[in-house]
Amino acid sequence: MSELTLTVIKLGFLAVLWLLILSVTSAMRADLFGVRPPKQPKPQKEARDAARQNRQPRGAKGTPTRAFIVEGPDTGKSVALDGTPVTFGRGADCTIPLADEYVSTQHARLRFHESQWYVEDLGSTNGTYVGNQRLTRSTPVTARSRFRLGKTVVELRK
Amino acid sequence: MSLDRARARTEPPAPETVTPRRGRGTELVLLIFAIGIATFAYVSVDLGALGRVPPNALAYLGGLSAATAVAHVVIRLRAPYADPVILPIVVTLCGLGLAMIHRLDLADGTTRASTQLTWMAIGVTLFVGVLLFVRDHRVLSRLPYLAGLAGLLLLVLPLLPIIGHSIRGARIWINVGGMTFQPGEAAKIILIIAFAAYLVQTRDALALAGRRFLGVDLPRARDLGPILLVWLGALGILVVQNDLGPSVLLFGIFVLMIYVATERISWIILGLLLILAGGFAANAVVSHVAERIDFWMDPFIDPQGQVAQSLYGLAYGGLLGTGLGQGRPELTPIAESDFIGSALGEELGLTGLIAIILLYALLASRGLRAGLLLRDPFGKLLAAGLAAGFFLQVFIVLGGVTRLIPLTGLTTPFLSLGGSSLVMNWVLVALLIRLSDAARRPAPPSATSSSTTDTAVTQVVRIR
């Protein structure tokens with residue numbers, strides 16, 4: 001066994017050992033940088049989409065014109081979205097008074113700002129949810145978006 | 001924003017939780033890598049020392065692969081969400097230890113490597129046993145006092161007349177039917193479990209009730225009493241047995257776990273002060289300790305001694321090492337046990353030794369990570385205790401070998417020759433795997449999680 005071969009084996013072994021450490025570290029990179037959400041569109045496409053949507057005038061594709069209550073005690077009620085804020089709650093002064101007893105007096109509001117509708121929670125007891133996420137700030141909504149307050153589900157339509 | 005829109009359109013029910021990856025595939029790839037490294041090490045030992053490929057290389061590869069495969073399959077079946085990097089790190093360390101023991105075998109003309117491989121098989125068996133029988137780590141927290149008592153009993157066993165057995169001045173062995181075993185290794189794990197279970201019950205009292213003295217929050221005696229008793233008992237027994245390493249380790253684990261439980265930095269300060277005071281006292285009283293301190297201050301008073309030879313070996317190895325099989329690690333007395341760190345440092349150099357220490361650090365960090373993710377306080381404490389204790393052991397023994405701190409005899413986990421240590425460290429890893437599985441397992445799915453009317457996530461509060 002020549003000296004050179006042994007040196008190559010020695011360095012090779014150290015290299016492989018460090019390679020293992022690198023692979024172990026890369027296997028746990030999710031802990032360091034977080035998990036990438038699945039099926040994320042390519043960032044370029046995303047930016048283009050965003051630009052296109054910003055260009056769209058009022059009333060164009062994606063902007064809802066009516067809010068329907070699709071679940072809960074008040075199913076069937078609806079309200080036109082013409083730009084003025086819409087409030088939901090059990091209180092009689094709300095735009096849509098609800099009979100749902102899990103809904104607060106002033107529960108949630110739809111607000112129009114710069115060609116975009118936003119839903120926001122008004123400090124309700126049981127919270128307002130989009131998907132499974134409880135709202136903590138204004139969240140943009142589009143046609144076919146749904147949000148839930150208590151047992152009531154509101155769907156926005158064009 | 002547009003992402004939200006896209007998601008709202010394409011996948012309307014979009015549950016916001018990302019299902020965690022189990023990582024079993026990653027684990028398999030890393031395991032194959034680890035076995036490759038272990039075999040590489042084994043073959044290059046023979047190439048370096050004898051200039052030939054060992055005749056039993058394939059048998060070695062087969063034995064290692066079989067043991068690893070069993071562990072991997074059991075994880076797939078019983079702990080599918082376990083951390084994927086724990087087992088590969090352990091297999092790599094075991095492989096490096098086996099290679100180095102084999103290398104010392106070649107120098108000394110012994111066959112300890114095959115014994116060690118047998119012990120590894122037993123370790124894997126116990127690993128499997130723990131994963132099969134401990135389905136939920138919380139069952140371990142049921143009997144804290146009994147666990148503490150059991151730990152103490154295990155520590156006392158070697159002092160009993162018939163089964164007790166003394167090797168090289170340390171009376172830490174028991175001899176049952178011709179087999180020797182160090183019950184202290186098992187006691188360490190059982191005491192960690194007992195500490196964790198006990199601290200979960202009393203941590204609030206430990207952290208909040210009590211008097212403040214010199215900026216340190218002292219807990220009430222009745223809260224601290226039982227655990228102090230266990231700790232003093234353990235230390236007393238270890239001092240009587242003339243075995244320093246485990247007593248320092250146990251003390252360190254005790255302090256770290258109280259710190260984790262109470263979040264008071266004062267415990268660390270108190271612990272360091274106590275260990276300094278204890279060190280000075282022991283230095284004055286126990287000759288054995290004074291000797292260790294002397295060797296620490298000046299190892300070359302005995303040029304043939306362990307520490308001196310270890311330092312010569314590390315210096316001979318230098319940055320890149322002599323290459324496996326080409327150094328003289330056998331010159332260090334008992335290199336295969338406490339000093340395997342210096343033997344590896346000599347043949348793999350600083351580069352290799354750092355890699356080994358990093359492997360330990362990664363393993364400990366995975367344990368702590370599991371502790372962070374776990375949802376129950378007992379699991380958190382147990383994971384932190386096991387991981388911190390494990391890393392503390394590595395620090396104490398490698399620090400001693402490299403003359404950073406006075407030498408106290410401890411095994412290097414997974415590397416050192418010695419069945420009890422190897423087997424019990426496999427048990428410790430099984431517990432870590434169980435804990436990390438519990439930590440990474442997604443919360444049980446709510447009844448109808450995909451619908452917008454998911455009542456399961458609504459914290460319904462009736463207002464009227």
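Within chain B of this predicted model, confidence is highest in helix H13(B), with a mean pLDDT of 93, and lowest in helix H1 (residues 2-10) of chain B, with a mean of 44. Taken over the whole of chain B, the mean pLDDT is 82, and 85% of the residues reach 70 or more.

**Confidence**

- The pLDDT is below 50 over residues 1-18 of chain B, a stretch that has 27 contacts in the model beyond near neighbours in sequence.
- Residues 447-456 of chain B also have a pLDDT below 50, and this stretch has 19 contacts beyond near neighbours in sequence.
- For the model, the scores are an ipTM of 0.82 and a pTM of 0.74.

**Packing of two helices**

- Two packed helices are described by the angle between their axes and by the distance between those axes.
- Helix H13 (residues 340-373) of chain B packs with helix H14 (residues 377-401) of chain B at an angle of about 165°, and their axes are 8 Å apart.
- Because angles over 145 degrees count as roughly antiparallel, H13(B) is roughly antiparallel to H14(B).
- The crossing that H13(B) makes with H14(B) is left-handed.

**Residues at the contact**

- On the side of H13(B), the residues that make the contact include Gly341(B), Ile357(B), Tyr360(B), Ala364(B) and Leu368(B).
- On the side of H14(B), the contact residues include Lys380(B), Ala387(B), Phe390(B), Phe391(B) and Val394(B).
- Sorted by class, the contact of H13(B) with H14(B) has 16 nonpolar, four polar and one charged residues.

Note on methods: Residues are numbered from 1 along each chain as its sequence is written. Chains are lettered from A and ligands numbered from 1 in the order in which they are written. This is a predicted model: local features need pLDDT of at least 70, side-chain atom pairs count only at pLDDT 80 or more; totals for chains, interfaces and linings use all residues. Axes are lines fitted to C-alpha atoms, for helices over the stretch in contact, and angles run from 0 to 180 degrees between N-to-C directions. Helices (H or I, at least four residues) and strands (E, at least two) are DSSP runs, numbered from the N terminus. Angles under 35 degrees count as roughly parallel, over 145 as roughly antiparallel, 65 to 115 as roughly perpendicular and the rest as oblique. A crossing is left-handed if the near helix is turned anticlockwise from the far one by less than a right angle, and right-handed if clockwise. Two residues are in contact if their C-beta atoms, placed from the backbone, lie within 7 Å. Ala, Val, Leu, Ile, Met, Phe, Trp, Tyr, Cys and Pro count as nonpolar, Asp, Glu, Lys and Arg as charged, and the others, Gly among them, as polar. pLDDT is the predictor's confidence in each residue, from 0 to 100.
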